[in-house]
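Student: I am new to this structure. Please take me through one part of it closely, beginning with the overall layout.

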Amino acid sequence: MFYGFLQHLFRLIFYVIFRARVYGRENIPVEGAVILAANHASNIDPPLMASLIDRPVSYMAKIELFENPIFGAAIRRCHAFPVKRGASDRGAIKAAVNILKEGRILGLFPEGTRSKTGELQKAEAGVALIAAMTGAPIVPVAILNSHRIFSNGGLIPQLRIMYGAPIMFHGDRKSKEELDAFSEEIMAHIARMKDELVKK
């Protein structure tokens, strides 16, 4: 109930205040494991990506956010789980794999950190590795204008988001070169979709 309440609240905020326009929701499978892989430019990206679709989304969140017991409990109820940034966190990877094994949706940001300018950054290997370990399809997601929310001279930007067609990893998960190539492929899809959003 808590997740559903917040989902509807954020959906209202995004549609009414930010005049959100959404494309490609039909590309998200109605059931089964899915990874949503999006560009990341604002703290508002996770609720934006999750609230505008019908299925619940689980996220990795930096462990510092769980230090506040009230806020930590709230985001746990929103299906978030902690990750230690700047290090290989096997516990977080295991939690992510288990979410997908249960046939749920996992939201990830391949760049690993926010882009203050909105420009795409180089992807880290984590998303490709989790996809390779689980066989889950990746739905690339492009988010436009979220970086302008708190730096737009007081103007409220129109948010646009596009969910792309699913892609799969078919290589050798032990090959760093193939994982890196797949990471670049994910970002290339996101880049093309961002260009489409600019034109809409």
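Tutor: Start with the order of elements. Along the sequence, the chain runs α-β-β-α-β-α-β-α-β-α-β-β-α. That pattern holds six helices and seven strands. Keep in mind that this is a predicted model.

Now the overall size. The C-alpha atoms fill a box of roughly 50 × 40 × 35 Å along the principal axes. A compact globule of 200 residues would have a radius of gyration near 16 Å, and the chain's own value of 16 Å therefore agrees.

The part to look at closely is helix 5, residues 126-134. Take its packing against helix 4 to begin with. Helix 4 covers residues 90-101. The axes of helix 4 and helix 5 lie 10 Å apart, at an angle of about 50 degrees. An angle of 65 to 115 degrees would count as roughly perpendicular, and one under 35 as roughly parallel. Helix 4 and helix 5 are therefore oblique to each other. Helix 4 passes helix 5 in a right-handed crossing. On the helix 4 side, Ile93, Ala96, Val97 and Leu100 make the contact. On the helix 5 side, Ile130, Met133 and Thr134 take part. By class, this contact has six nonpolar residues, one polar and no charged.

Next, turn to helix 6, residues 176-199. Helix 5 and helix 6 pack with their axes 8 Å apart. Their angle is about 110 degrees, so the two are roughly perpendicular.

Finally, a glance at helix 3, residues 69-77. At its start, a side-chain oxygen of Asn68 comes within 3.0 Å of the backbone nitrogen of Ile70. Just after helix 3, His79 has a positive phi of about 70 degrees.

To return to helix 5: helix 4 is oblique to it, and helix 6 is roughly perpendicular to it.

Definitions and conventions:
Residues are numbered from 1 along each chain as its sequence is written. This is a predicted model: local features need pLDDT of at least 70, side-chain atom pairs count only at pLDDT 80 or more; totals for chains, interfaces and linings use all residues. Side-chain values use heavy atoms; hydrogens and water are left out. Axes are lines fitted to C-alpha atoms, for helices over the stretch in contact, and angles run from 0 to 180 degrees between N-to-C directions. Helices (H or I, at least four residues) and strands (E, at least two) are DSSP runs, numbered from the N terminus. Angles under 35 degrees count as roughly parallel, over 145 as roughly antiparallel, 65 to 115 as roughly perpendicular and the rest as oblique. A crossing is left-handed if the near helix is turned anticlockwise from the far one by less than a right angle, and right-handed if clockwise. Contact means heavy atoms within 4.5 Å. Ala, Val, Leu, Ile, Met, Phe, Trp, Tyr, Cys and Pro count as nonpolar, Asp, Glu, Lys and Arg as charged, and the others, Gly among them, as polar. A polar contact is a pair of N or O atoms within 3.5 Å; within protein, one must be able to donate a hydrogen and the other to accept it, and residues adjacent in sequence count only if both atoms are side-chain atoms. The radius of gyration is taken over C-alpha atoms; the globule rule is 2.2 Å times the number of residues to the power 0.38.
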